[in-house]
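Please look over the structure shown below with the following notes beside it.

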Amino acid sequence: MNLKYILIFSLFCGAAYIKADLDSLSLAMKDCLLKHSITQKEMDMFLENMYANVTENFKCSMKCVLEKEGIMKNGTFDDKTFEKKALSVSLLKGQEKQVIQAAEKCKNIKGSNDCDTAYKIVLCL
């Protein structure tokens with residue numbers, strides 16, 4: 001299974017797969033999706049085609065979750081926190097090399113603003 005889809009699923013839909021910080025991630029997701037008024041339709045469209053046009057608001061909801069989870073700080077991807085959290089996902093056990101490679105590949109990504117950066121990081125992963 002593609003690492004990107006596992007991580008996206010875990011971050012935005014599959015919080016049940018995360019052993020550590022389950023309550024924190026679930027609360028962050030709920031809070032950020034509500035804060036940015038993201039509909040189920042928007043989420044479904046994103047999961048069907050991550051490269052489809054998404055709103056700035058949707059990108060900002062991603063930024064919100066990444067920041068609440070400590071994966072993004074001051075507009076920058078925190079690759080070490082990402083690695084730690086990703087490796088707590090049960091589906092990624094034994095995938096340490098791929099997680100580290102993904103973090104390395106994505107750690108210097110920058111968008112036109114912090115929300116765009118978060119979106120591009122999610123796409124990169």
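**Notes on buried residues and salt bridges**

1. Ser61 has its place in helix 4 (residues 56–68), where helices (H or I, at least four residues) and strands (E, at least two) are DSSP runs numbered from the N terminus. With a relative accessibility of 1%, Ser61 counts as buried; here buried means under 20% relative accessible area, exposed over 50%, and partly exposed in between, with a 1.4 Å probe and protein chains only. Leaving aside residues up to four places away in sequence, Ser61 touches Cys32, Leu33, His36 and Ile38, a contact being heavy atoms within 4.5 Å.

2. The model is predicted, so that local features need pLDDT of at least 70 and side-chain atom pairs count only at pLDDT 80 or more, whereas totals for chains, interfaces and linings use all residues. Residues are numbered from 1 along each chain as its sequence is written, and side-chain values use heavy atoms, with hydrogens and water left out.

3. A search of the whole structure finds 8 salt bridges, each being a side-chain nitrogen of Lys or Arg within 4 Å of a carboxyl oxygen of Asp or Glu. One of them joins Asp116 to Lys59, with the closest N and O atoms 3.0 Å apart. This pair links distant parts of the chain, since Asp116 lies in helix 7 (residues 114–124) and Lys59 in helix 4, 57 residues apart. Asp116 is buried, at a relative accessible area of 7%, and Lys59, at 15% relative accessibility, also counts as buried.

4. Glu67 counts as partly exposed at 32% relative accessibility, while Lys63 is buried with a relative accessible area of 19%.

5. Which residue of opposite charge has the side chain nearest to Asp79? Asp79, in helix 5 (residues 79–86), is buried yet has no salt bridge, and the nearest such side chain is that of Lys80, 4.1 Å away; Lys and Arg count as positive and Asp and Glu as negative, with His and the chain ends not counted. Asp79 touches Ala103 and Lys107, not counting residues up to four places away in sequence.

6. Lys80 does form a salt bridge with Glu83, at 3.9 Å, N to O. Both lie in helix 5, 3 residues apart, which is about one turn of the helix. Lys80 counts as exposed at 56% relative accessibility, whereas Glu83 is buried at 12% relative accessible area.
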